[in-house]
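Q: Hi! Could you walk me through this one, starting with how the helices pack?

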Amino acid sequence: MLNIMNIGVLACQGAFAEHLVALKHVVQDLELSFHLVEVRDSSQLDSDLRGLIIPGGESTTLNIFFGQEAFLSKLKQWMCSTNPPPVVWGTCAGLIVLSDQVEHEKTGGQLEIGGLAVTTSRNFFGRQNKSFEQKLDLLTEDLVECYPYDKSPNFPGIFIRAPGIQAIKPSQNVRVLAELRGYPGLPNPSAVAVEQGSLMACSFHPELSKDLRFHAYFVRKVLKSSLPGKL
Amino acid sequence: MGPVSGTEMSTDKDGHRIEGSFVVKSGLAQMSKGGLIMDVVNAEQAKIAEEAGACAVMALERVPADIRRDGGVSRMSDPKLIKEIMAAVTIPVFAKVRIGHFAEAQILEALGVDMIDESEVLTPADDEHHVDKRAFKVPFVCGARNLGEALRRIAEGAAMIRTKGEAGTGNVVNAVHHARTINREIRLAQSMDDSELFSYAKQIQVPVDLLREAAKIGRLPVVNFAAGGLATPADVSLLMQLGVDGVFVGSGIFKSNCPKKRAHAMVQSVTHYKNKEKLAELSEDLGEPMVGINCDQLAEKWEGRESEMK
């Protein structure tokens with residue numbers, strides 16, 4: 001009897017509802033049978049959970065949540081609990097907590113998960129008055145082609161008080177998935193979505209757009225890591 | 001609850017950057033969901049709010065309870081105060097303008113605040129018209145008592161709605177009434193067929209396409225928070241269970257006798273609003289809540305402040 005696996009979205013704060021809706025569409029369209037869960041308690045970080053999205057919201061709010069009842073250490077434990085490890089995807093605030101190095105933390109610092117060999121600057125793209133939309137370039141065929149309804153080489157990037165990936169540590173196997181062109185003060189083009197092993201992160205909000213390809217890419221990644229006998 | 005919007009991007013054809021589109025404006029509101037936005041009157045309070053996990057702060061010179069107590073005309077805060085608060089924290093900063101005062105809004109936009117609250121808590125500056133919020137790059141949040149008022153503000157360009165409640169009273173009854181009214185009126189719209197919505201739209205004085213949209217998605221087309229009189233973790237849970245996306249807390253925190261503890265508890269209550277055991281723990285030993293005022297003893301009810309041509 002096959003055990004149905006779960007994909008979760010951390011539901012502490014932020015735009016988790018949009019992620020769940022996007023995942024629901026993808027799971028239905030790809031005819032998969034994952035359960036989708038809102039994660040608010042460390043008891044949900046078990047072996048049935050094969051993927052987790054850490055959504056956009058405020059990373060300082062997430063910081064408080066992480067400090068409650070050792071949630072952060074239980075999360076880190078869960079992230080290495082299986083081989084292959086579960087897939088974790090961070091958007092915006094999620095990118096910040098997954099980054100090995102973070103600039104412009106609040107006074108007193110913030111708790112981090114780390115694991116992604118990048119340096120990320122909080123609120124790099126400024127306050128709300130500098131938030132913007134811009135078409136992004138998708139760098140991999142896997143992303144362009146992963147969903148039946150959309151094949152464009154571009155992706156709608158929506159940046160809300162977004163963090164900026166300032167540097168990527170070379171030789172750490174970090175793959176750039178999407179780039180932004182022509183932003184003053186940043187290299188042209190500049191990485192806005194990355195993947196490293198079982199981790200994924202982006203500084204923009206795919207869940208606010210109608211393009212489901214990042215969600216499809218994530219779900220396929222979760223599926224691959226859940227197949228029995230996979231090394 | 002479905003998404004507020006999975007939207008078509010509004011880029012120009014050359015793929016250049018677009019700022020201040022409705023997608024971008026409503027994006028900030030969406031990132032605030034599941035969070036608590038706290039009124040703060042100085043940098044020190046702003047830091048307490050950030051430390052407690054607030055997802056944004058509302059900068060103002062006096063909390064609503066004090067505006068009520070002092071009387072007189074209340075206006076937009078001094079930019080010096082707003083700038084101090086913006087410099088003190090790394091989370092978004094909201095600030096209030098008087099109803100219809102588009103010049104105060106232009107000033108706040110120039111200061112770079114993240115969102116403007118066109119607020120009935122301040123003394124209205126225009127008795128007939130609200131600000132045309134579409135003209136601004138900065139997003140606005142507005143108060144509403146019912147579906148009609150909410151959709152009228154959205155038609156003017158509001159990117160976020162909150163219940164008006166009765167601010168500064170510590171009494172949640174009005175916020176609950178407003179939240180329930182919006183829910184009931186949306187359900188009523190959903191029970192109607194297309195031909196009936198025209199008359200309902202006329203009755204509640206809103207554009208029919210916005211009414212149709214709300215009926216289709218079963219909620220307001222923008223993020224909706226509770227505000228006005230929330231003072232305890234239980235109040236937070238009540239409003240979240242009534243379907244709001246998050247909460248504003250004003251006088252309720254800094255007028256209580258242990259603001260840090262209460263702030264922390266109320267922030268966690270938004271996350272754990274469905275968990276009775278957690279809420280019981282969070283409600284324990286919080287000190288004295290703000291005393292509050294009974295709404296039927298109020299000299300002036302602010303919820304009635306809406307500008308319209310007579």
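A: Happy to. First, a definition: axes are lines fitted to C-alpha atoms, for helices over the stretch in contact, and angles run from 0 to 180 degrees between N-to-C directions. Helices (H or I, at least four residues) and strands (E, at least two) are DSSP runs, numbered from the N terminus. Do keep in mind that this is a predicted model, where local features need pLDDT of at least 70, side-chain atom pairs count only at pLDDT 80 or more, and totals for chains, interfaces and linings use all residues. Residues are numbered from 1 along each chain as its sequence is written, chains are lettered from A and ligands numbered from 1 in the order in which they are written, and side-chain values use heavy atoms, with hydrogens and water left out.

Q: Great. At what angle do α1 and α6 of chain A pack?

A: Helix α1 (residues 16–29) of chain A packs against helix α6 (residues 213–226) of chain A at about 65°, and their axes are 9 Å apart. The two helices α1(A) and α6(A) are therefore roughly perpendicular; angles under 35 degrees count as roughly parallel, over 145 as roughly antiparallel, 65 to 115 as roughly perpendicular and the rest as oblique.

Q: And which residues meet there?

A: From α1(A), His19(A), Ala22(A), Leu23(A), Val26(A) and Val27(A) meet His215(A), Ala216(A), Phe218(A) and Val219(A) of α6(A); contact means heavy atoms within 4.5 Å. By class, the contact of α1(A) with α6(A) has 7 nonpolar, 2 polar and no charged residues. Here Ala, Val, Leu, Ile, Met, Phe, Trp, Tyr, Cys and Pro count as nonpolar, Asp, Glu, Lys and Arg as charged, and the others, Gly among them, as polar.

Q: Now chain B: at what angle do α10 and α12 cross?

A: Roughly 25°, with the axes of α10 (residues 233–241) of chain B and α12 (residues 259–271) of chain B coming within 8 Å. That makes α10(B) roughly parallel to α12(B). Pro233(B), Val236(B) and Met240(B) in α10(B) meet Ala265(B), Met266(B), Ser269(B) and Val270(B) in α12(B).

Q: Switching to the interface: how many residues of chain B are in contact with chain A?

A: 52 residues of chain B are in contact with 48 residues of chain A. About 3900 Å² is buried between the chains, with carbon and sulfur atoms giving 52%. Buried area is the accessible area (1.4 Å probe) that two parts lose on being put together, summed over both.

Q: What does Arg122(A) form a salt bridge with?

A: Glu58(A), with the closest N and O atoms 3.6 Å apart. The pair links distant parts of the chain, 64 residues apart.

Q: What does Thr90(B) touch?

A: Not counting residues up to four places away in sequence, its contacts include Glu58(A), Arg122(A), Asn123(A), Arg161(A) and Glu50(B). Thr90(B) sits in the loop between α4 (79–88) and β4 (93–98) of chain B.

Terms used
A salt bridge is a side-chain nitrogen of Lys or Arg within 4 Å of a carboxyl oxygen of Asp or Glu.
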